[in-house]
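Please report on the predicted model shown here. Cover its helices, its charged pairs, its surface and the confidence behind them.

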Amino acid sequence: MKRLFSILAITGMMAFGTVNATTNASTTAAATTVVTTTQDDGADAPAEELGFHQELKKRFIEGGPGFMGIVLLCLILGLAIAIERIIFLNLSTTNTKKLTQEVEDALNSGGVEAAKEVCRNTKGPVASIYYQGLDRTDEGLDAVEKAVVAYGGVQMGQLEKNVSWISLFIALAPMLGFMGTVIGMIAAFDKIEAAGDMQPSLVAGGIKVALLTTVFGLVVAMILQVFYNYIIAKIDSIVNNMEDASITLMDLLIRNKK
């Protein structure tokens, strides 16, 4: 439940910031239009160059609120889930070598209960796997191995939670962009059919608006793909540490039995 609240909070903050940015961009565009119309028609004023953010806002507004808003929602939700996963994975990362040494020292000095206390006071999936294995030492090494394998699968599922949603948004954003492009092209040809003449002015505006949805869809997919690859690499690193730690735990228990 806490993770759900954190995702919703991050999504709300990002959506609020985006709405403010879009509102500011609309206000700026309206003010620029008013100033332009008040200028002398005979004067040739130099075109003002827009910055990157201003140009991005302008193109977003030109693309239309329909598909552009849905693509933006994919970006916001994908980033919210990605940030939540990154925070969770960083908190789940532990110093496996240090933990293993502490567990080994506790086994040698205070036995299994002391080692369990060390794992109980340490966060992360490796410590949880150690605790589950140590909790079944009285049942034999086979029971310990089964517990470690089973609980390792549980921890892996928690690490991969909600990651599939990011891949969904990566695939959905360009699809929505392409759909917006197709619909925009249909609208452009409808204007040509209604006018009965192939005028460039009728086609250029519709095609430009249609292609903007594709561009933004691809940009959203590329941004989320970077976060997705980082999360997958982080999960693989943690899983490798879990597997290595499980083997080390079995070796410690075997040596402790002798």
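## Report on the predicted model

Alanine 187 sits in helix H8, residues 163-195. Helices (H or I, at least four residues) and strands (E, at least two) are DSSP runs, numbered from the N terminus. The relative accessible area of alanine 187 is 35%, so the residue is partly exposed. Here buried means under 20% relative accessible area, exposed means over 50%, and partly exposed lies in between (1.4 Å probe, protein chains only). The C-alpha atoms of alanine 187 and isoleucine 207 are 9.0 Å apart, and the two residues are separated by 20 residues along the chain.

This is a predicted model: local features need pLDDT of at least 70, side-chain atom pairs count only at pLDDT 80 or more, and totals for chains, interfaces and linings use all residues. Residues are numbered from 1 along each chain as its sequence is written, and side-chain values use heavy atoms, with hydrogens and water left out.

**Charged pairs**

Side chains of opposite charge can pair when their charged atoms come close. A salt bridge is a side-chain nitrogen of Lys or Arg within 4 Å of a carboxyl oxygen of Asp or Glu. The count by this rule is four salt bridges. The table lists three of them, including two with lysine 116.

| Salt bridge | Closest N and O atoms |
|---|---|
| Lysine 116 – glutamate 113 | 3.7 Å |
| Aspartate 135 – lysine 116 | 2.9 Å |
| Glutamate 117 – arginine 120 | 2.3 Å |

Lysine 116 and glutamate 113 both belong to helix H5 (residues 112-120), three residues apart, about one turn of the helix. Glutamate 113 is exposed, because its relative accessibility is 53%. Lysine 116 is buried, because its relative accessible area is 7%.

Lysine 116 also forms a salt bridge with aspartate 135. That pair links distant parts of the chain, 19 residues apart: lysine 116 is in helix H5, whereas aspartate 135 is in the loop between helix H6 (125-134) and helix H7 (141-159). Aspartate 135 is partly exposed at 37% relative accessibility.

Glutamate 117 and arginine 120 are also both in helix H5, three residues apart, about one turn of the helix. Glutamate 117 is partly exposed at 36%. Arginine 120 is partly exposed at 43%. Salt bridges that share partners join Glu113, Lys116 and Asp135 into one network.

**The buried face of H5**

Which residues of H5 are buried? They are Ala115, Lys116, Val118 and Cys119. Seen down the axis of H5, these buried residues fall within an arc of 155°, so they line one face of the helix. The arc is that of the directions from the helix axis to the C-beta atoms. The buried residues of H5 pack against helix H4 (96-110) and H6.

**A nonpolar surface patch**

Phe178, Val215, Leu218, Val219, Met222 and Ile223 make a nonpolar surface patch of about 510 Å². Helix H9 (residues 200-257) gives the largest share of the patch, five residues. Methionine 222 lies in helix H9 and is exposed, with a relative accessible area of 54%.

**Confidence**

The mean pLDDT (the predictor's confidence in each residue, from 0 to 100) of the protein chain is 76, and 71% of its residues reach 70 or more. Over residues 15-47, pLDDT stays under 50. Where pLDDT is low, the predicted coordinates should not be read in detail.

Technical notes. Contact = heavy atoms within 4.5 Å. Patch = residues over 30% accessible without salt bridge, like charges linked within 9 Å, V, L, I, M, F, W, Y side chains within 5 Å. Areas by Shrake-Rupley, 256 points an atom, 1.4 Å probe, with all protein chains shown as cover.
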